[in-house]
Amino acid sequence: MNQFEAGSQSDEGPISSFVTYAAEGDILAKQGEYKKAIDSYTRALELKHGEKNCLVARSKCFLHLGDADAALKDSDAALSQDKQFSKGLYQKAEALYAKGDFEYALVFYHRGNKLRPELDEFRLGIQKSCEAIDNSIGNANTCNLAQTWRATSAKDPDAKEAKVKKGAEGGRGVLTGAGAGQRGAGAKGATKKAPPASDKTIKQLLGELYADKEYLEKLMDDQDFVQDGGDQNIGDLVSSGLQYLETRTTFWRQQKPLYARRAEQKKNRPGGTKGATQRGGGAGDGHGTQKGGGAGGAGAGGKKAKDQTQEVLQSLRKINAALDEGEPDLSLRYAKQFLRRLNEMDIEDKPRILGNVYSSMGSTYFELDNLEMALSHHEKDLKLAKENKFEDAHSRALGNIGRVHARRGAFGKAVACWTEKLPMTEALVEKAWLYHDIGRCHFSTGALAQAVEFGNSCIGTAKECNDPHWHLNGCVLVGEAYAKQEDDDKALAAFETAVKLASELKDDAAGLAVTKRMDDIHSRRAQREAGEAE
C-alpha cells in the first residue's frame with residue numbers, strides 16, 4: 001500500500017487518502033471557504049508530511065485570511081525541500097509583501113523571475129514591490145536630511161528629533177515613519193515600532209471599510225451581545241474581524257503612506273502641482289523628460305508615468321487572465337487593443353513590454369491553432385529580445401517557437417530552437433521538459449538512439465528536482481524508443497518504472513496506457529518465440 005492510500009480505520013470512520021483531502025481543499029479554496037480549505041490541507045499534510053504543493057495551497061488560504069505569518073511559514077516549509085520550487089518562491093514573495101517586507105519580497109520575486117522568466121506573476125511582483133518601496137521611502141530627489149540636520153541646534157536634541165520626524169512624515173526623510181523602520185540601516189531608533197495611527201489616518205486608509213470597523217467596535221462594546229452563549233462565540237468573530245482590519249491598516253500604511261496618497265491627490269488636481277513644469281531647457285526630476293525645448297517636472301511627468309505603468313500592468317493581467325481561463329478570443333482582443341494603445345505611449349522599457357504582448361498574442365494564436373500567426377508573433381518577440389539583449393525574453397521566445405515548430409511537424413527546427421535554449425535555462429523543471437520534448441522530436445523522426453539519450457537526461461533531471469511527472473514522461477519516452485528498437489527487456493524495465501510512478505501520482509489513464517504497451521510487448525515476444533519454436 002502506498003503513501004497516498006488509506007490504510008486503517010479509526011473511531012471516527014475510514015481515513016481518506018491524501019489526494020481526497022487535497023482535492024477537497026482545492027474546491028473549498030475556489031469557493032472562498034478558506035478556513036475549511038485549511039482544515040482539509042492540514043489533514044492531507046498529516047498523511048503526507050511536507051508535500052510542497054499542498055503547503056503552497058494552504059499558504060494561499062492563510063494569506064486570503066490575512067495571516068501572513070502562517071502563510072510565510074508554509075512557503076518556507078515548501079522551499080526547504082526544493083529551493084528552486086517556483087510556486088514556493090512566488091508564495092513566499094507574496095507573504096513577505098503582505099507583511100510589508102517589500103525589499104525581501106522583491107528579492108524572491110527576482111529569484112523566481114530568474115528561474116521562470118516566462119511567468120508574468122514574477123515580473124508583476126517586481127513592479128508592485130518597487131512601487132511600494134518608492135511609496136514607503138518617498139522621493140529620493142526631495143530628501144534633504146543634511147540641510148535639516150544643519151538647521152537644528154546640536155544643543156537641542158529634542159528639536160533635532162522633531163525635525164527629522166517631520167521630514168519623514170512629509171516624505172523627505174528615511175529615518176522614521178511608516179516603512180522606514182525596516183530600511184533605515186544605521187539610524188538610531190530605526191527599529192522602533194511605528195506609533196499607532198490616529199482615527200483620521202485610519203479613516204483615510206480604510207476608506208469604505210472604516211464604517212465596518214466602527215460597527216464592529218460598537219458590537220464589541222455590547223458585552224451582553226458578544227458573550228451570548230451560542231454554538232460559536234460571537235465575541236471571537238468580532239475580535240477576529242477587528243484584528244484583520246488592524247492588520248490591513250498597518251499594511252496599507254507601509255505600502256502607500258498618507259504622504260504618498262496626498263502627493264497623488266495633488267497631482268490629480270487640475271493644473272497639476274505648483275511648479276510642476278519648467279520652461280526653456282530646464283530638466284525635471286527625471287520623470288517628465290520631453291524632447292525639444294523643455295521638460296516636465298516631478299508632478300505632471302511622474303503622474304503620467306505612474307498612470308501608464310498602472311495601465312500596462314492592468315492590461316497584461318487582463319490578457320493573461322483571459323488566456324488562463326480558456327478564453328483565447330477574448331485574450332486576443334485585449335492584446336490587440338493594448339498594442340494600439342502601447343504604440344501611443346512614451347514609456348520606459350517599452351521594448352520589453354512590447355515583447356511580452358507579442359509573446360502573449362503568440363500563445364493565444366497557438367491555442368487557437370493559428371500556427372502561422374503564432375510563429376510570426378513569437379518571432380517578433382525573439383527579434384526584440386535579441387536587439388535589446390533580453391536574455392530571459394530570448395529564452396522564452398525560443399521555447400515558444402520550438403513548440404510551434406513541433407506542432408507543425410517541423411521537428412528539426414523545434415530541436416534547433418530548444419537546443420539553443422538549453423544553455424540559457426537554469427530551472428531544473430524547465431530543463432526536464434526541454435530534454436523530454438527534444439527526445440520526443442528525435443523519436444518522431446526515427447532517431448531512436450538520440451531519443452533514448454534525451455529521455456534519460458529528462459529522467460536524471462526530474463530525479464534531481466524531485467519531479468515525478470517529468471520522471472514518468474521520461475520513462476515512457478525511453479520505453480517507447482526501446483520498444484521500437486525491439487529491445488524488449490529495456491523497454492519493459494522503463495515501462496515498469498512508469499507504471500509505479502503513475503500509481504503514486506494517481507494517474508490512472510497513464511497507468512492503463514503504459515500497461516497496455518507492456519501487454520503488447522509481451523504478446524509480440526510470445527508470438528516471436530512461438531514462431532522460432534516452429
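In the predicted model, the axes of helices α23 and α24 approach to within 8 Å and cross at roughly 155 degrees. Because angles over 145 degrees count as roughly antiparallel, α23 and α24 are therefore assigned a roughly antiparallel arrangement. Their crossing is left-handed. On the α23 side, the contact is formed by Pro468, His471, Leu472, Cys475, Val476, Val478, Gly479, Glu480, Tyr482 and Ala483, and on the α24 side by Lys490, Ala491, Ala494, Phe495, Thr497, Ala498, Leu501 and Ala502. Classified by residue type, this contact of α23 with α24 comprises 13 nonpolar, three polar and two charged residues.

The loop between α23 (468-484) and α24 (488-504) contains Glu486. Glu486 is not a glycine, yet its phi is positive, at about 65 degrees. Most residues other than glycine have a negative phi. Glu486 has a relative accessibility of 53% and therefore counts as exposed, the cut-off for this class being over 50%. A positive phi is also found at Lys506, another residue other than glycine, with a value near 60 degrees. Lys506 is located in the loop between α24 and α25 (508-533). With a relative accessibility of 35%, Lys506 counts as partly exposed.

One of the α23 residues in the contact with α24, Glu480, was also considered relative to Ala451, a residue of helix α22 (residues 448-464). Ala451 and Glu480 are separated by 29 residues in sequence, and their C-alpha atoms lie 9.2 Å apart in space. Ala451 has a relative accessibility of 0% and so counts as buried. When residues up to four places away in sequence are not counted, Ala451 touches Gly439, His442, Phe443, Leu477 and Ala481.

The crossing of α16 past α17 is left-handed. Helix α16 contributes Pro328, Ser331, Leu332, Ala335, Lys336, Phe338, Leu339, Leu342 and Asn343 to the contact, while α17 contributes Lys350, Ile353, Leu354, Val357, Tyr358, Met361, Thr364, Tyr365 and Glu367. By class, 12 nonpolar, three polar and three charged residues make up the contact of α16 with α17.

Helix α17 also takes part in the surroundings of α19, whose buried residues pack against α17, α18 (371-388), α20 (411-421) and α21 (428-444). The buried residues of α19 are Ala393, His394, Ser395, Arg396, Ala397, Leu398, Gly399, Asn400, Ile401, Gly402, Val404 and His405. Following α19 is Gly409, which has a positive phi near 90 degrees.

Note on methods
Residues numbered from 1 in each chain as written. Predicted model: local features only at pLDDT ≥ 70, side-chain atom pairs only at ≥ 80, totals over all residues. Heavy atoms only, no water. Left-handed = near helix turned anticlockwise from the far one by under 90°. Helix = DSSP H or I, 4+ residues; strand = E, 2+ residues; numbered from the N terminus. Contact = heavy atoms within 4.5 Å. Nonpolar A, V, L, I, M, F, W, Y, C, P; charged D, E, K, R; others polar. Buried < 20%, exposed > 50% of the residue type's maximum accessible area, 1.4 Å probe, protein only. Axes fitted to C-alpha atoms, helices over the stretch in contact; angles between N-to-C directions. Parallel < 35°, antiparallel > 145°, perpendicular 65-115°, else oblique.
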